[in-house]
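Welcome! Take a look at the sequence and the 3D structure below, and keep them at hand while you read this briefing.

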Amino acid sequence: MERPDLADVDETVLAYIEYLEEQLSSEESRSAPEPSEDPTTINVLTRSAQGYIKRTPRHFYGRQKRGGMGVFDLEMSDDDQPVQVLLADESAELIALTNFARVFRLPVSALPASEVRAKGQVLGDLIPGLHDKESVSWLMSGEQAYMALLSPRGYVFTKSRLFLKDGVQLYDTNKYGPPVAACWSGGQDDLFLVTRQGQGIRFVEKQVPKGGILGMRLDEGDAFVALTAVSPTGSVFLFTADGKGTVRLMSGFRQNKSPGAGGKVAIKSEDVVTAVAVNEGDDIFAISRLGKMIRFSVDDVPPKTGVVQGVNCMTLRADEATAVGVAVL
């Protein structure tokens with residue numbers, strides 16, 4: 001659209017318009033995506049709250065500078081929103097965890113590849129054997145020796161990879177509730193739990209007994225949002241609903257002697273979205289409630305040993321961040 005004639009506009013209004021144009025031009029320059037990577041078989045998978053899922057080759061997403069606006073990804077209805085982003089090779093299998101804590105395997109190739117902006121498939125239709133009122137609570141890609149799971153009340157369970165057979169129930173959801181997060185671990189890691197209000201705890205994975213254990217006491221009005229495996233010298237990317245993030249070094253977050261204690265402040269926020277273990281050189285894929293996806297390097301986020309509010313990672317307008325995935329490059 002051409003710029004209209006502003007000759008008769010008041011000087012103060014004109015100055016404000018020119019200021020906004022300058023800011024917009026600067027933001028667009030900052031947000032411009034870098035050239036895409038070479039074609040890869042790694043895919044970005046986006047899952048919505050209402051059970052839709054989409055996969056798109058990773059090289060279709062250009063890397064932006066931290067703080068950009070991203071591009072529209074999963075196309076959803078107005079009352080739906082993305083809840084999970086993960087990356088997986090098209091030759092791999094996903095592990096779906098249901099609200100009954102049952103396990104099902106699903107080939108990535110069972111999901112039709114699509115463009116960046118596209119509608120998803122109904123995930124439940126791709127998994128035979130689901131019971132009535134059973135739905136997918138969490139998806140896993142990759143595979144390590146153990147899986148760790150987190151319940152809404154803060155109970156943590158670990159299971160050997162060899163135990164993860166189709167249809168197997170991992171714990172009693174009538175007692176502990178459905179899984180709200182899960183991660184892979186090597187068996188010798190620390191487990192890091194994070195809540196919506198920015199509280200966290202870190203303890204040795206080996207302290208989780210066969211029947212599970214309370215990982216962290218939850219304050220009233222708070223909720224768990226993340227579980228990730230880390231090393232004492234590792235780092236975790238924490239992301240908040242207002243698009244801010246920080247890389248928290250575990251060297252600055254004291255390990256608890258045992259699970260079950262109250263949390264400590266991991267980030268200054270009342271609305272944390274998630275937390276994921278990261279390494280130098282990784283790429284972050286962050287998505288918003290309206291389906292905007294941004295890809296940027298975790299190296300753009302300054303690592304911190306102490307508690308901070310985070311830096312701007314994603315520009316949001318009448319929107320909020322909802323999920324993050326990590327690409328190991």
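A residue counts as buried when its relative accessible area is under 20%, and as exposed when that value is over 50%. Please keep in mind that this is a predicted model. With the cut-off in hand, we can start with strand β21, which covers residues 272-278. Of its 7 residues, 6 are buried, so β21 is largely enclosed by the rest of the structure.

**Strands and their partners**

- Strand β21 has a partner in β18 (residues 235-240): the two run antiparallel and are joined by 6 bridges.
- To find this pairing on your screen, look for Val 236, which stands opposite Ala 277 in β21.
- Elsewhere, 4 strands form an open sheet in the order β13-β11-β12-β16, and their pairing is antiparallel.
- The edges of that sheet are β13 (181-185) and β16 (213-214); each has a single partner strand, so one side of each is left without a neighbour in the sheet.
- Between β11 (residues 146-150) and β13 there are 5 bridges in the antiparallel sense.
- One spot to check in this pair is Ala 148, whose bridge partner in β13 is Cys 183.

- Phe 157 belongs to strand β12.
- Is Phe 157 buried or exposed? Its relative accessibility is 3%, so Phe 157 counts as buried.
- Beyond its neighbours within four places in sequence, Phe 157 is in contact with several residues, including Met 147, Ala 148, Leu 149, Tyr 171 and Val 208.
- Gln 81 lies 76 residues from Phe 157 along the chain, and their C-alpha atoms are separated by 28 Å.

**Nonpolar cores**

- The largest nonpolar core contains 29 residues, and those with the most contacts inside it are Leu 97, Met 147, Leu 191 and Leu 193.
- Several elements give two or more residues to this core, among them β6 (93-98), β11, β12, β13 and β14 (190-195).
- Apart from this core lies another one of 17 residues, among them Phe 239, Ala 241, Val 247 and Val 298.
- If we leave out residues up to four places away in sequence, Leu 193 touches, among others, Leu 150, Val 156, Ile 201, Phe 203 and Phe 224.

**The second largest pocket**

- A probe the size of a water molecule, rolled over the atoms, shows where empty space is left.
- The second largest pocket holds about 220 Å³ of space.
- Which strand gives the largest share of its lining? Strand β12 (residues 155-160) does, with 3 residues.
- Residues lining this pocket include Tyr 146, Lys 159, Phe 163, Glu 205 and Lys 210.
- By type, the lining divides into 3 nonpolar, 3 polar and 4 charged residues.

- Asn 256 sits in the loop between β19 (244-249) and β20 (264-265).
- With 10% relative accessibility, Asn 256 counts as buried.
- Not counting residues up to four places away in sequence, Asn 256 touches Ile 201, Arg 202, Phe 203, Ala 261 and Lys 264.
- Ala 101 is found in the loop between β6 and β7 (103-107), and its phi is near 60 degrees, a positive value in a residue other than glycine.
- Ala 318 also is not a glycine and has a positive phi, of about 50 degrees; its loop runs between β25 (311-312) and β26 (321-327).
- What is the relative accessibility of Ala 101? It is 0%, so Ala 101 counts as buried, whereas Ala 318 is exposed, with a relative accessible area of 75%.

Technical notes: Residues numbered from 1 in each chain as written. Predicted model: local features only at pLDDT ≥ 70, side-chain atom pairs only at ≥ 80, totals over all residues. Heavy atoms only, no water. Buried < 20%, exposed > 50% of the residue type's maximum accessible area, 1.4 Å probe, protein only. Pairing = 2+ DSSP bridges. 1 Å grid on protein atoms, 1.4 Å probe; cavity = no way out; pocket = protein on both sides within 12 Å on 5 of 7 lines; lining within 4 Å. Points joined across faces, edges and corners; volume = space filled by probe spheres on them. Nonpolar A, V, L, I, M, F, W, Y, C, P; charged D, E, K, R; others polar. Contact = heavy atoms within 4.5 Å. Core = buried A, V, L, I, M, F, W, Y, C linked by side-chain atoms within 4.5 Å.
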